[in-house]
Amino acid sequence: MNILDLWKNVKTYDLTQNLSTQTPPWPTYEPLQLKFFKRLSPNGANGQLITTSNHVGTHLDGPLHFDTAGADIASLPMDKLMGPAAIVDLSDIAEDYGIYTPKDIMERVEVKKGDILIINTGYHKYGWDQPEADERRYMLRHPGPSMDFVDWVKEMEIKWIGVDCGSADHPFNTKIRDWEPGEAKMADEYLKGKYGKGLNEIYEWPKTYQAMHVQVFPKPHEIIHAENVGGEIDKVLNRRMIVGCFPWKFVGGESSISRIVAFDTE
């Protein structure tokens, strides 16, 4: 059958967060800044100059982001960026500073070796452009993975992970632990009450520091992440679909602002 005949039965879902000068970058990163350098009057066309870091809005962290010898964004093949995906909804168990596990994922959706994995924590509802917008909650309190998650994604040979929050790591297994001591104290208290272990017992530094980046980005795994996924993610819960991430073909780029789309049949 002609591929063009198949296309009429395809439905697409945009899993991308809106991008604006109001979009918060990951903490300490430069925000997007925009100005017109040309206007319709007197130039006959509008032109804009954009200054930004690569970690604003929906973006793909490339291997080079955490590996000096890692591939740049332009080197990522399309069959790495697109393919079968498991999209899991964890919003029913998500809570501030919470932890999710491989078991939580597998109880809700079938995950196959070589999949793309999209995780809906529900925290996209706190994104900057949403009715419940809460930047601190979105960036500092979103759930994160258990430490056994690191080995599980390696065993499953996951192509890349997409999350609807600030990071694929638990926020207090990142530098945020140092930057936000008050929040770190609340996270420690929550974890002790919920799991009987404190922050540094669950995420022991320096051994496990930012493990979902440091331990999986380098070769041979190259399990990279798209962060700040959003858009229509609530329309694709606990399903297997085709998902594509479309960054710039960015030579030398360690990461890139991206568009993420899920494809299904009508």
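This is a predicted model: local features need pLDDT of at least 70, side-chain atom pairs count only at pLDDT 80 or more; totals for chains, interfaces and linings use all residues.
View 1. Residues are numbered from 1 along each chain as its sequence is written, and side-chain values use heavy atoms, leaving out hydrogens and water. Asp264 forms a salt bridge with Arg239, with the closest N and O atoms 2.0 Å apart (a salt bridge is a side-chain nitrogen of Lys or Arg within 4 Å of a carboxyl oxygen of Asp or Glu). The pair links distant parts of the chain, 25 residues apart: Asp264 is in strand β12 (residues 255-265) and Arg239 in strand β11 (residues 239-247). Helices (H or I, at least four residues) and strands (E, at least two) are DSSP runs, numbered from the N terminus. Arg239 is partly exposed, at 26%.

View 2. Glu189 is partly exposed at 46% relative accessibility, while Lys185 is exposed at 54%.

**View 3. Phe66 and Phe217, an edge-to-face pair.** Their rings lie 5.7 Å apart, centre to centre, with 75° between the planes. Rings of Phe, Tyr and Trp (its six-membered ring) pair if their centres lie within 6.5 Å; planes under 30 degrees apart are stacked, over 60 edge-to-face, and the rest tilted. Phe66 is in the loop between β4 (59-61) and α3 (78-81), and Phe217 in the loop between α10 (211-214) and β10 (224-227), so the pair ties together parts that are 151 residues apart in sequence. Phe217 is buried, with 0% relative accessible area, whereas Phe66 is partly exposed at 27%.

**View 4. Arginines over rings.** Arg39 lies over the face of Phe36, 3.9 Å from the ring centre. The charged end of Arg177 sits over Trp205, 3.8 Å from the centre of its ring. To count, NZ of Lys or CZ of Arg must be within 6 Å of the ring centre and within 35 degrees of the ring normal.

Definitions and conventions
Buried means under 20% relative accessible area, exposed over 50%, partly exposed in between (1.4 Å probe, protein chains only).
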